[in-house]
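Hi,

Here is the structure I promised to pass on.

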Amino acid sequence: MKRFLSMLLVTVLAVTMIFSVSGLAVAEDLPRLEKADDGSAAAKAAQDRIDSGKYPTVVIAFMTWAGRLQGTDRVAEKMSEITREKIGVNVELLPMDSASYAQNMNLMLASGEQVDLFNAVSVGFMPCYNKGYLYDLEEDDLLATYGQGIIDTFTSIELGGCRVGGTLYGIPVKKDDASGKFGISIPTKYLDEIGVDYASMYANPDDEIIYTDFDFIEDTFAKLHAQYPEKTVFYTDPGSTVSQILAMDYPSDMFGVLLDPVNSLELSDLFSSDMYYELCERFYRWNQNGWISPDAITETNATTTQVKAGSLCAYKTATKPGIRQQESNLCGTPVAIFQLGPDFKGSSAYNTMPWAMNQNTDDPVAAMQVLNLLYTDPELSTLICWGEEGKEWQESGDGHIKFADGVDAQNSEFYNNVNWQMPNQFIARIWEGDSLDLWTRMQNWNDNALTSKAMGFVFDNSDVSAEYTALTNVYNEYQRQLELGFLNPDEGLPKMVERLKSAGLDDYIAEKQAQLNAWAEANGIQ
Amino acid sequence: MSKAWRQATLKRSIPIYLMALPGLIYLFINNYMPMPGIILAFKNYKAKFGIYGSPWAGLKNFQYLFSTQDAFIITRNTILYNVVFIIVNLIFAVGVAIILSELTSKVKKVYQSVILLPYLLSAVIVSYLVYAFLSSENGFFNNSILKPLGKAPIAWYQEQKYWPFILVFVNLWKGIGYNCIIYLSTIIGFDRSLYEAASIDGATKWQQITKITLPLLRPTIIMLTLMAVGRIFYSDFGLFYQVPQNSGALYPVTNTIDTYVYRGLLQLGDITMSAAAGVYQSLVGFVLVLSANLLVRKLDPENALF
C-alpha cells in the first residue's frame, strides 16, 4: 500500500511537472537549451578574428518611425568599438522607415544584398519563413556554441515560439509578452469634468491600472456623451480590436482560435462563439447610443492622435506595466487606465517580432556572436536603444537617464522610440519617467499572466493559402461594420459566418488543428 | 524597289529611329526584361534556391483566384466597370476634345489645364476630396445639401447602391483631361481646308463635326479603344481601394481583381500568388486584344491594329 501511494505521488509529481513545463509555471526552474561547450569555442572564434586583424562587418536592420536617423553611423561606430574589442566584429546599423520597411526588407532578402540580422516586425515571421529567408539558428550548433548568452536569457519554451517544424529561425525580443485585455484609456481632465472619482478606485495607491466592470464604463460613457455631445466618446482601432479585447488565443490568425486557451487545445470558430457575439452586440449598442462616430468606419487616424486633437474621449488599449505613462505621452495629457479583461499571454507572444538571421549571411558565427552580445551587454543594449552618452542622453543623477543638454525629442539624432524592437531593453538604462524597477515588474507581469497552452505554436498555412486569402477577404468585408457596431450582429454575423464557411473555414481550422496536435505531441503537451 | 532608294529611305529614317531609341530601351528594360519572371507564378519560391532553382508548384498559385464565390464578383466588377469606363470616357473625351478644338486659343489653354489637373492628383488626395463631400458627420452632401432640404443624412460609405455611379463619375473627372489630349491633338492636325470647304458649301458646325471630324477621328478612336480593351482585366487600384476608403460594406461593388489580390496577400506576402494574378490578367488581356482586333478586321479591315 505504501509503495502504491509513493508511486501515485511520483506520478502526480511527474504530471504536475509536465504541466508546468507546458507553460503555466514561473521562471527559475524552467528548462533551458543545452550549451555545446563551456564557451571556449566562442572565445576562440573571437580571439582568432582579433588576432587576424580582419574584422567582418555585421549589418543590423530594424524599423523606425522616422526613417534613417541622423546619428546612425556615429552610434554604430560606438557599438563597433565594443564589438571590436570583445568579439572582433564591426557592426553597421540599417534603420528603415516603417512605411517601407517590409518592402525594403523583402527586396534586400530576395536580392542578396548584405543584411545579416534583422527584426521580422512588419515583414512578418511566417512570410519570411515561407519565402525561405531565414537561417537555421541551430545549424552546426550555432546557438549552442556562439549564442550561450541567449540561452541564459530565454527558456527553451520562449525560444520554442520561434520554431517552425522544430527548426529555430528567430530569437524573441525581451518585452511585455503578456497583455491586459480590454484596457480603456480616458484622459483624466474629462473624468474630472464629469465628476468621476477615479483616484479612489485604485486597489493600491501605487497601481497604474484600475480594474473595473462594464457597468461603470458604460455609465461613464453616458456621462461623457452628455457632457461632450460634439466629441466622439469611444473608438477602437479595428486592426487590434479582437486581439486586444478577447481573452482567447489566435494562433497566427483569427480563423480557428482557442476559446479556452488555458485549459484546452481545441480550436473553434471565433465568429460563431458567444464571446464574439457579445463583443459585436456591445459595440452595436454603444454605436446606437451615439458613443461611436458615424465616420468611424472610414477612420484612419490613430486613437491617440484623435485624443490629442480633442475629438475623442476614450479608446481601447492593451495594458502592461508602464502603460499609463506611455499613453499619457502619446495623448499629450494624463490619462487613467481602466481594465475589463484578464492579463493574458497568447501563443504568438514570442514570434511577433523576433530577430532573425538572413539565410544569405556570409559569416553566421560573427552574426550570432553580435546577436548574443546584444542580448547580454548592457552598454551595447543602451547604445542601440538610446544612443550615445553625452550626445543623446546623460545621467539624471537618480539612476535614470535623460536627454543630454540642449537635446529633445525633436532634434535628437538617435531617439527612435523603437526600444520594444531591440533585442534586450531589459538590460538597457531606464529613461526618466519610468520607474527603475520597470523591468522587474514587467518580468513578474509576464510570469504571472494566464498563459495559453499553445504558447509557442506557429501555424504554417502555406498548404491552405488559397483558403486564407478567401477568408481574409470575407473577414475584411465585415470586420469594421461588426466590430465598430454599424451592423446588427443578429443580422450581419450569421451572414459572415455562412460566407466564411463557404470560403473554406472548416478546412482551414482542420489543418490548423492537425498541426497543433502534432506540435502538442512533439512537445509533450496534453 | 531599287537598292539605292531603300538606302536613301534608311538614311532618312535614322534620326527617327534614334529619337525612338530611348523609348525602345525603356520598353525593353521595363516590359521585356522582367518577362522571364512569369515563371514565378508556377514556382514555390524559396529565397535560398533563387527564382529558377525553386521547386515547381504547378497551378497551385492560381487556385485562390477561382476557389470561391468571390471569384465571380471580382471578375464581374472588374470587367463591367471597365466596359462602362471605356464607353463613358470615350464619349466625353471625344466631346470635350471637339469643344476644346473649337475654342479660341487663349481660353482653350486655360480650360485644358484646368480639366487636366485632377489627372495629376494622387488617388489618396482624390479619396480625401471625395471624403470631404461624402463624410457622414462633416461631409458637404449631408450637411450642406441634404440637411437644408430636410432629408435624412446618408451613410455614404455603407450604402452600396450609390457607388457604381460615384466611381464612374470620379474616374471620368480624374481622367478626362488626359483622355482628350490625344483626340485633341489629332483634331488639330486635320486639314483645315476641309472645314473651310464645308463652311463655304453651307455646312453647319454640327454637320462639320459629324461629317468631317468624327470620320477622321475613327482610326484614333478604334486604336485607343483597342488598347483600353487590352487592359480590361486590370483595374485602377487607387480608384477602387482608396476612393471608397477601403470600406468593407462596399466590397460587393468595389472589389476588383487587383484589390482582392492586394487584400488577400497583404498579410500573406506571397509573391508567387501575386505573380499568378498578374499572369492571369495579362493572358486574358492578351486574348481580348487579339479578339477585339479580329472583330475590327472583320468589320473594317483598314483600321485594324495588326
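Predicted model: local features only at pLDDT ≥ 70, side-chain atom pairs only at ≥ 80, totals over all residues.

**A helix pair in chain B**

Ile222(B), Leu226(B), Val229(B) and Gly230(B) in α10(B) meet a set from α14(B) made up of Gly285(B), Leu288(B), Val289(B), Ala292(B), Asn293(B) and Val296(B). Two residues are in contact here if their C-beta atoms, placed from the backbone, lie within 7 Å.

Residues are numbered from 1 along each chain as its sequence is written, and chains are lettered from A and ligands numbered from 1 in the order in which they are written.

Back to the pair: the axes of α10 (residues 205-230) and α14 (residues 271-299) of chain B come within 7 Å and cross at roughly 150°. Axes are lines fitted to C-alpha atoms, for helices over the stretch in contact, with angles from 0 to 180 degrees between N-to-C directions. α10(B) and α14(B) are therefore roughly antiparallel to each other (angles over 145 degrees count as such).

**Chain B as a whole**

Chain B has 14 helices and 0 strands; helices (H or I, at least four residues) and strands (E, at least two) are DSSP runs, numbered from the N terminus. Its C-alpha atoms fill a box of roughly 70 × 65 × 35 Å along the principal axes. Of contacts in chain B between residues at least 6 apart in sequence, 70% join residues at least 24 apart.

**Where the chains meet**

30 residues of chain A are in contact with 31 residues of chain B. On the chain A side, the elements giving two or more residues are α4 (98-111), α5 (125-130) and α18 (465-483). The largest share, 13 residues, comes from α18(A). That side of chain A divides into 12 nonpolar, 14 polar and 4 charged residues.

Ser122(A) has a positive phi of about 70° although it is not a glycine, and its place is in the loop between β3 (117-119) and α5 of chain A. Asp141(A), also not a glycine, has a positive phi of about 60° and lies in the loop between α5 and α6 (142-146) of chain A.

Best wishes

Terms used: Parallel < 35°, antiparallel > 145°, perpendicular 65-115°, else oblique. Nonpolar A, V, L, I, M, F, W, Y, C, P; charged D, E, K, R; others polar.
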